[in-house]
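Here is a short briefing for a reader who is new to this structure. Look through the model first, then take the topics one by one.

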Amino acid sequence: GDALQYLDSAKVVAFDKTGTLTEGRPTLVDHFTVADLDPTESLKLAASAEQASDHPIAQAIIAAAPADLPHSTESETTPGYGLRTQINGETVLVGSERWLISEGIDTTALQGAIKSYAEKGHTLVCLAKNNQAVAVFAVADKIKPSAKPAIDALHAQGLKVAMISGDNQTAADAIARQLGIDHVTAGVLPDGKVDALKALRAQFGPVAFVGDGINDAPALARADVGIALGDGGTAQAMETADVVLMQDDLSDVPLALRMARKSRRVIKQNIALSLGLKLAFLGLAIPGIATLWMAVLADVGATLLVTLNGMRLLRLEKS
C-alpha cells in the first residue's frame, strides 16, 4: 500500500544507466593507441590489468584481447575510478580519464579519440603506462528495446525522466538524446547517486528511482520509491527496493505508475460508494422505512460493489 501511495506522488522517474536502460553486456567496439605503442600490446596491457576486476566493462576488454596476456601483480582497485597494477615491472593504470588526470597524468594525446568516442555515446576506459597516457578504449552497451517506449509512456503521463550515470557528460548526453531523457547527471560515483536524487527532489519533487545493481542499493533506499529489476538484478537491489519488477521489461515502469494512480482513484471511489450506501440506509432507518433485510442487502451489496470495482484494475494493460 505504501509503495502504491509513493508511486502515485512521483513527479520524476530517475534511471540508472548500465544494466537498467542498457542491456548490461558491453562490448569493445574500438580503441586508440598512441603512435609509439602497438595497438595489440595496449589491449593486452589493459586486459591483463582488468583481470583483477569483475565489472562488465572490464570483461568486455578481456573478451576482446588475445589469450596470451602478461601477468599482473600488486593490483589495487579504486572503486568507481579504476585500478593500478604492475606488469613486467611497469606501472599500469586503467580507468576513467578523470582518474588519470587526478593522478597527475596528462591525457592530451588521447583527447581527439576521447571526444570522438564520447560523442557516439561510448563508455571510455583510458590506459596509462609509467605515468603516460597511451590508449583509450571505447565500450558500447546496447540500449534495451523497451527503454524508449517506456520513457515515451512516462512523458505521456506528464512525468519528468532523468538518468544518473558514471559516464562522462558527453557520452551520457548522447544516450539521453537517443532516449529523449529530460535531465542527465553524469560522472557520478556509486555513493554520489543519493546526492543526485536529492538534487532531483529539490528541483522536481518526489523521485522514483529505477536500478538493478549493488551500487544502486543506497539510491533505491533513499528515493521516495525504489524500483528494482528482478530479472537480472542483484539480490541487494531487490531487497532494498519498494517495488520489484519481475521481468526485465522497462515498460512495466509506466504500467506500475498508472496502476498506482488507478488504485488511488479506485480506493477513493470505494470509500465514497461504501459511505454513500451507509448514509442512504441511515436515511431510510430514521423514519422507520429500513428493514433487517435491507440492512443485510446494504452491507453485502456494498462489499460486492467495492470488490467488483477494485477488480477493474485487473484489466489494466501496458500502454
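A cavity is a set of points, on a 1 Å grid over the protein atoms alone, where a 1.4 Å probe fits but cannot get out; its lining residues have an atom within 4 Å of a point. The model is predicted: local features need pLDDT of at least 70, side-chain atom pairs count only at pLDDT 80 or more, and totals for chains, interfaces and linings use all residues. Residues are numbered from 1 along each chain as its sequence is written, and side-chain values use heavy atoms, with hydrogens and water left out.

**Cavity and pocket**

- A search of the whole structure finds one cavity of 30 Å³ or more. A volume here is the space filled by probe spheres set on the points, which are joined across faces, edges and corners.
- The largest cavity holds about 50 Å³ of space. Its lining is made up of K17, T18, P26, I57, T123, V139 and D141.
- Three of these lining residues are nonpolar, two are polar and two are charged. Ala, Val, Leu, Ile, Met, Phe, Trp, Tyr, Cys and Pro count as nonpolar; Asp, Glu, Lys and Arg count as charged; the others, Gly among them, count as polar.
- A pocket is an open set of points with protein on both sides within 12 Å along at least five of seven lines. The second largest pocket has about 150 Å³ of space.
- Residues lining the second largest pocket include V34, D106, K129 and V134. Strand β7 (residues 132-140) gives the most to this lining, with three residues. Helices (H or I, at least four residues) and strands (E, at least two) are DSSP runs, numbered from the N terminus.

**Nonpolar cores**

- A nonpolar core is a set of buried Ala, Val, Leu, Ile, Met, Phe, Trp, Tyr and Cys residues joined through side-chain atoms within 4.5 Å. Buried means under 20% relative accessible area, exposed over 50%, and partly exposed in between (1.4 Å probe, protein chains only).
- The largest nonpolar core has 37 residues, and I61, V92, L100, L110, L127, V136 and F137 touch the most other members. Elements that each supply at least two residues of this core include α3 (39-50), β5 (90-95) and β6 (123-129). The largest share, seven residues, comes from β7.
- Apart from this core lies another, of 32 residues, among them L7, A186, V210 and L245.
- Leaving aside neighbours within four places in sequence, L127 is in contact (heavy atoms within 4.5 Å) with residues including S42, V92, L100 and F137.

- Helix α12 has 34 residues and reaches 48 Å from its first C-alpha to its last. That is close to the 50 Å expected at 1.5 Å a residue, where the expected span is 1.5 Å times one less than the number of residues.
- Buried residues in α12 include D252, L255, R261 and N270.
- L273 lies in α12 (residues 252-285). L273 is partly exposed, at 32% relative accessible area. Not counting residues up to four places away in sequence, L273 touches L305 and V306.

**Single residues**

- A65 sits in the loop between α4 and β3 (72-78). A65 counts as buried, because its relative accessibility is 15%.
- E74, in strand β3, has a positive phi of about 55° although it is not a glycine. E74 is exposed, with a relative accessible area of 66%.
- N130 is in the loop between β6 and β7. Phi of N130 is positive too, near 50°.
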